[in-house]
Amino acid sequence: MATAPIALTGATGRIGGRVADRLATKGVPLRLLVRDPDRAPDLPGATAVVAPFADGEAVREALTGVETAFMVSASEAADRVQQHLTFVEAAAAAGVRHLVYLSFQGASAASTFTFARDHAVTEAAIRGTGLTWTFLRDSFYADFMPGLVGDDGVIRGPGGSGRVAVVAQDDIADAAAAVLLDPAAHAGRTYTLTGPCLLYTSDAADDMQ
């Protein structure tokens, strides 16, 4: 197993935290890039480093000596895309060889969904650096669906009469960990991560009753 640590962002969140736990269980040394070190998970072989996406110098220093990094997209913000571009540029400057990016299903500059356009811009920036990469394009989180239910029991969201193959966050974490443990086998690949079937919001409502 490589002695260089794997760098993870989002370790204080739901996806990054799950991935960190899975890798730590395998004995992988980790470097956790966080904004608040007090919230970083206490895992064997893990070191927390303060390196917000927007602080390019801090990110570059945090990623020095790292060969493989996992980039979870930043929280919604007006400068979200710029934060991503700053991080990607810093990763390249630090000498990262392989960047695994948690993107979104259908990422495209022509998408009507803002986040999908943001992810497309980020993917293009990663390709432009010359880094080896893997893109994990996940669908909406199954874990998110109960949050669409209001206090009155009504589901409100942008789905209309459409269907979506929601995916569990644990499944996404399993996939990300597998890629990070053997990045060379997944170089230049884009994976769409979805659930096993398409659901209407009415199906989700039935399941939650």
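This is a predicted model: local features need pLDDT of at least 70, side-chain atom pairs count only at pLDDT 80 or more; totals for chains, interfaces and linings use all residues.

1. The protein has 6 helices and 9 strands, and 40% of its 209 residues count as buried. The protein exposes about 10500 Å², of which carbon and sulfur atoms supply 50%.

2. As to how the chain contacts itself, among the contacts with a separation of 6 or more, 70% are between residues 24 or more positions apart.

3. A search of the whole structure for aromatic pairs finds 5 of them. One of these joins Tyr101 and Phe135, whose rings are edge-to-face, with 6.3 Å from centre to centre and 85° between the planes. Because Tyr101 belongs to strand 5 (residues 98–104) and Phe135 to strand 6 (residues 132–138), this pair ties together parts that are 34 residues apart in sequence. Tyr101 counts as buried, at 0% relative accessibility, and Phe135 is likewise buried, with a relative accessible area of 0%.

4. The rings of Phe113 and Phe115 have centres 5.6 Å apart and planes at 50°, so this pair is classed as tilted. Phe113 is partly exposed, with a relative accessible area of 33%, and Phe115 counts as partly exposed at 26% relative accessibility. The charged end of Arg80 sits over the ring of Phe115, at 4.3 Å from the ring centre.

5. Tyr101 and Phe135 also belong, together with Trp133, to one aromatic cluster.

6. Does the length of helix 4 agree or disagree with what its residue count would give? Helix 4 (residues 114–129) has 16 residues, which at 1.5 Å a residue should span 22 Å, and the end C-alpha atoms are 23 Å apart, which agrees. Just after helix 4, Gly130 takes a positive phi of about 90°.

7. The buried residues of helix 4 are Ala116, Asp118, His119, Ala120, Thr122, Glu123 and Ile126, and Asp118, His119 and Glu123 may be worth a look in the viewer as part of that list. An α-helix has 3.6 residues a turn, so residues three or four places apart point the same way. What covers the buried residues of helix 4 includes strand 4 (68–72), helix 3 (80–94), strand 5 and strand 6. Strand 5 and strand 6 are also where Tyr101 and Phe135 lie, respectively.

Methods:
Residues are numbered from 1 along each chain as its sequence is written. Side-chain values use heavy atoms; hydrogens and water are left out. Rings of Phe, Tyr and Trp (its six-membered ring) pair if their centres lie within 6.5 Å; planes under 30 degrees apart count as stacked, over 60 as edge-to-face and the rest as tilted. Helices (H or I, at least four residues) and strands (E, at least two) are DSSP runs, numbered from the N terminus. Buried means under 20% relative accessible area, exposed over 50%, partly exposed in between (1.4 Å probe, protein chains only). A charge sits over a ring if NZ of Lys or CZ of Arg is within 6 Å of the ring centre and within 35 degrees of the ring normal. Contact means heavy atoms within 4.5 Å. Accessible areas come from the Shrake-Rupley method with a 1.4 Å probe; for residues, only the protein chains shown count as cover. The expected span of a helix is 1.5 Å times one less than its number of residues.
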